[in-house]
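Here is a short report for a reader new to this structure. Please look at the sequence and the model first.

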Amino acid sequence: MKKTLIVVDMQKDFIDGSLGTKEAEAIVEKVKNKITQYKERGDKIIFTRDTHQEDYLNTNEGKHLPVVHCKKGTDGWEIAKGLEVPGAIYIDKPNFGYMNWKDYHLEEVELVGLCTDICVVSNALIIKAAYPEIKVTVDARCCAGVTPESHEAALTTMKMCQIEVIE
């Protein structure tokens, strides 16, 4: 059975850019180590990138979160230095959750990244709904939320939905 690591939105704007936090900065090395483990085993690695356009502030998300971030092609949109892997799959998603996970024929999944309480939880729940019988895991040590409290709330939500949470 092939395992897949999904690295959610480990982009500069979420780490030390316009929406960065000290908690996000603190997980970078842990995420790098996790990526290395998967790479050494020859497992599949997928990166998601939050991807916005020039009109971001006019979108529904932009009206609720009026901070320009992850604009395609900018430095803040890029995956954090040292995390990218040759041969990995990159998915540019225009909102919190990616809706086409069925295209990837997932067998077992682990998610890490940012933000636990927005994009990680969204994608974990979409994957669990699309593949109700596979093991879906989130490594809380390799995730950070908007706040520590909302990070914990998202972990609780995922546990309640039969997603295994490593703490």
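## Two backbone features in loops

Cysteine 115 sits in the loop between β4 (108-114) and α4. The model is predicted. In it, a cis peptide bond links leucine 114 to cysteine 115. Its omega is about -25 degrees.

Another loop runs between β1 (3-8) and α1 (12-15), and aspartate 9 lies there. Aspartate 9 is not a glycine, yet its phi is positive, at about 50 degrees.

## The largest pocket

Which residues lie closest to the centre of the largest pocket? The pocket has a volume of about 260 Å³. It is lined by 18 residues, and the closest to its centre are Phe14, Leu19, Cys115, Ile118 and Val146.

By class, the lining has 11 nonpolar, 4 polar and 3 charged residues.

## How α4 packs on α5

Two packed helices are described by the angle between their axes and the distance between the axes. Helix α4 covers residues 116-130, and helix α5 covers residues 148-160. They pack at an angle of about 15 degrees. Their axes are 9 Å apart. Angles under 35 degrees count as roughly parallel, and α4 and α5 are therefore roughly parallel to each other. The crossing of α4 past α5 is right-handed.

Which residues make the contact? From α4 come Thr116, Asp117, Val120, Val121 and Ala124. From α5 come Ser150, His151, Ala154, Leu155, Thr157 and Met158. The residues of this contact divide into 6 nonpolar, 4 polar and 1 charged.

Conventions: Residues are numbered from 1 along each chain as its sequence is written. This is a predicted model: local features need pLDDT of at least 70, side-chain atom pairs count only at pLDDT 80 or more; totals for chains, interfaces and linings use all residues. Side-chain values use heavy atoms; hydrogens and water are left out. Axes are lines fitted to C-alpha atoms, for helices over the stretch in contact, and angles run from 0 to 180 degrees between N-to-C directions. Helices (H or I, at least four residues) and strands (E, at least two) are DSSP runs, numbered from the N terminus. Angles under 35 degrees count as roughly parallel, over 145 as roughly antiparallel, 65 to 115 as roughly perpendicular and the rest as oblique. A crossing is left-handed if the near helix is turned anticlockwise from the far one by less than a right angle, and right-handed if clockwise. Contact means heavy atoms within 4.5 Å. Ala, Val, Leu, Ile, Met, Phe, Trp, Tyr, Cys and Pro count as nonpolar, Asp, Glu, Lys and Arg as charged, and the others, Gly among them, as polar. On a 1 Å grid over the protein atoms alone, a cavity is a set of points where a 1.4 Å probe fits but cannot get out, and a pocket is an open set with protein on both sides within 12 Å along at least five of seven lines; lining residues have an atom within 4 Å of a point. Grid points are joined across faces, edges and corners, and a volume is the space filled by probe spheres set on the points.
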